[in-house]
Structures are given as C-alpha cells and as structure tokens.
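Here is a colleague's note to read beside the model. The points go from the whole chain to single residues.

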Amino acid sequence: MNLPKVLVASPTYHKKDYCFKTWSDNVKGFTYPNYDVLMVDNSPIDYHKKLSKHFKTIKVDRGNMNSVQALTASQNEIRAHFLQYNYDWLFMLESDVIPPKDIIEYFLIWQHAVHNISYFVQLNKFDNTPTLCLQSHCGLFGLYKNYKSAMVAPDEGGYWFNGEHYVFNEHGFPLQYGAGSGIGCTFIHRNVMQMVKFRDENTQVYSDTYFHFDLMRNNINDYMDGQMIVKHLTQKIHGRT
C-alpha cells in the first residue's frame with residue numbers, strides 16, 4: 001500500500017530563530033513515514049544558509065516587499081514546489097507552531113480538503129484573554145472588516161466563535177461564509193492547491209484572509225478542528241502557548 005506523500009512546508013525569516021531548534025526537533029520527530037520538509041526563507045539576510053543544514057530550503061529575494069508580500073511570495077514558492085514534485089497533501093506549518101508528533105496521521109484520518117487547527121495569536125488588550133487564530137465578519141471581495149477573534153473560555157473548557165460555544169473535545173465545525181483562520185497549522189489536499197493560489201491584493205491584509213475567501217468562492221470544504229489547540233511559541237503572548 002502506497003502511503004500518501006506529504007510536504008511539510010514553512011515560510012520563515014531570521015527573527016524566528018529563537019525557536020528554530022525546538023521547531024526542527026519536533027518536525028524531525030514526526031511519526032508519519034512518508035513526508036518531506038521544505039523551508040522558504042524571506043529574510044533580508046542569508047538565514048537560509050543555516051536552515052539548509054537541516055532541511056531543503058528555498059531563498060526568496062525580498063527586495064522591497066513588506067512582510068505581507070514576502071509571506072505570500074514564500075507561500076507561492078511552497079505551492080510551486082508542492083505541485084512540481086507531485087505531493088498528495090500540503091501541511092502548512094509556521095516555524096513557531098508545535099503540533100503533536102503524530103499530527104499527520106491525525107489529519108489523514110479525517111480527509112478534509114482543508115483542515116485547520118487553531119493556536120493562540122495574542123492576548124486580548126481589554127482583559128488579557130488569549131485569543132485563537134480565528135476571525136469573523138468577512139466583508140465582500142475577500143477583505144476582512146471588524147476583526148473579531150475567537151475568545152478562549154478556559155473555565156468552560158472551550159472557546160466562543162460567532163456567538164457559538166465550542167468545547168475542545170468536539171469534532172469541529174465547517175468555517176462558514178464570513179469566517180477565516182490562520183493557516184499556520186493547516187492540512188491541504190492537492191486538488192485544492194491546484195485550484196487556489198496565495199494572494200495579497202491589499203498589502204496590509206495577509207494571504208490567509210484571501211485564501212479562505214477563495215475556498216468559499218470555489219465551494220471547497222474548509223474545516224476548523226474542534227479537538228485541539230497546538231502550541232504557538234510566539235513572543236507576542238509573553239510565554240503563553
């Protein structure tokens with residue numbers, strides 16, 4: 001039996017070096033037997049020289065691109081490599097997100113065309129509540145208005161999103177029109193990558209916003225997991241993961 005071929009891919013830059021060893025040790029320890037790792041470096045320095053000692057690495061010439069444009073360029077390098085080398089599934093994994101080591105097997109159980117797992121992105125400025133990388137209130141033409149991240153409700157064992165409460169051990173739910181998620185821990189089928197390219201028409205709006213809009217426009221199953229929240233080693237949330 002031929003196992004599906006998975007590409008674990010991560011756009012990154014030099015300021016994520018503080019967690020590179022933790023991230024790379026975790027990825028190298030994935031238990032699924034048929035995966036490759038690709039990193040795409042969009043740093044203004046030659047950070048790729050360090051990365052290439054551990055994983056296959058592509059260097060993006062950042063030029064005058066801002067962070068939004070550099071990330072999109074990196075994601076499209078990943079998409080091109082994924083399609084060229086005939087992978088079955090793309091696992092987009094930010095270089096500071098730490099999932100369980102059997103995460104690929106977990107994704108393959110469900111076989112969702114797009115399977116998102118949430119992670120903390122920041123602390124809410126009003127009450128210091130950690131927020132998940134979920135957003136609601138999407139405007140027309142893929143532009144988000146009135147960002148409204150999901151609030152974690154630890155005393156209730158879950159989180160609130162679009163006025164509904166979800167507990168962590170629920171199966172999950174489809175992301176409906178008007179919703180989006182960060183794609184820092186997202187499993188995507190080849191058929192989707194053949195149809196959808198990463199884009200950033202507004203240089204202040206990251207590509208994940210447009211990605212979810214394009215999934216909706218193409219009637220592609222876009223699924224948010226309800227069973228786990230993975231660790232996020234961002235410095236923005238002061239050590240909380």
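**Notes on the fold**

1. Of the contacts in the chain between residues at least 6 apart in sequence, 70% link residues at least 24 apart. Keep in mind that this is a predicted model. The secondary structure consists of 6 helices and 15 strands.

2. Burial and surface come next. The chain has 241 residues, and 53% of them count as buried. Its accessible surface is about 11,600 Å². Carbon and sulfur atoms account for 50% of that surface.

3. Which residues have the most contacts inside the largest nonpolar core? They are Val8, Phe91 and Ile104, in a core of 29 residues. Helix H4, residues 103-110, gives the most to this core: 5 residues. A second, separate core has 21 residues. Val60, Ile78, Val196 and Phe198 are among them. In soluble globular proteins, nonpolar side chains tend to be buried together.

4. H4 deserves a look of its own. Its buried residues include Ile103, Ile104, Tyr106, Phe107 and Leu108. Leaving aside residues up to four places away in sequence, Ile104 touches Val6, Val8, Phe30, Tyr32, Tyr35, Phe91 and Phe187. After H4 comes Gln111, with a positive phi near 60 degrees.

5. Now the strand pair. Strand S4 (residues 89-93) and S14 run antiparallel and are joined by 5 bridges. Leu90 has Ile188 of S14 as its bridge partner. S14 covers residues 185-189 and is mostly covered itself, with 4 of its 5 residues buried.

6. Arg199 is worth checking on the display. Where does Arg199 sit? Its place is the loop between helix H5 (190-195) and helix H6 (207-217). Is Arg199 buried or exposed? Arg199 counts as buried because its relative accessibility is 17%, and the cut-off for buried is under 20%.

7. What surrounds Arg199? Beyond residues up to four places away in sequence, Arg199 touches Thr72, Ser207, Tyr210, Phe213, Asp214 and Arg217. With Asp214 there is a polar contact, side chain to side chain, at 2.7 Å. Gln69 is 130 residues from Arg199 in sequence, yet their C-alpha atoms are 8.5 Å apart in space.

Terms used. Residues numbered from 1 in each chain as written. Predicted model: local features only at pLDDT ≥ 70, side-chain atom pairs only at ≥ 80, totals over all residues. Heavy atoms only, no water. Core = buried A, V, L, I, M, F, W, Y, C linked by side-chain atoms within 4.5 Å. Buried < 20%, exposed > 50% of the residue type's maximum accessible area, 1.4 Å probe, protein only. Helix = DSSP H or I, 4+ residues; strand = E, 2+ residues; numbered from the N terminus. Contact = heavy atoms within 4.5 Å. Polar contact = N/O pair within 3.5 Å; in protein donor to acceptor, adjacent residues only side chain to side chain. Areas by Shrake-Rupley, 256 points an atom, 1.4 Å probe, with all protein chains shown as cover. Pairing = 2+ DSSP bridges.
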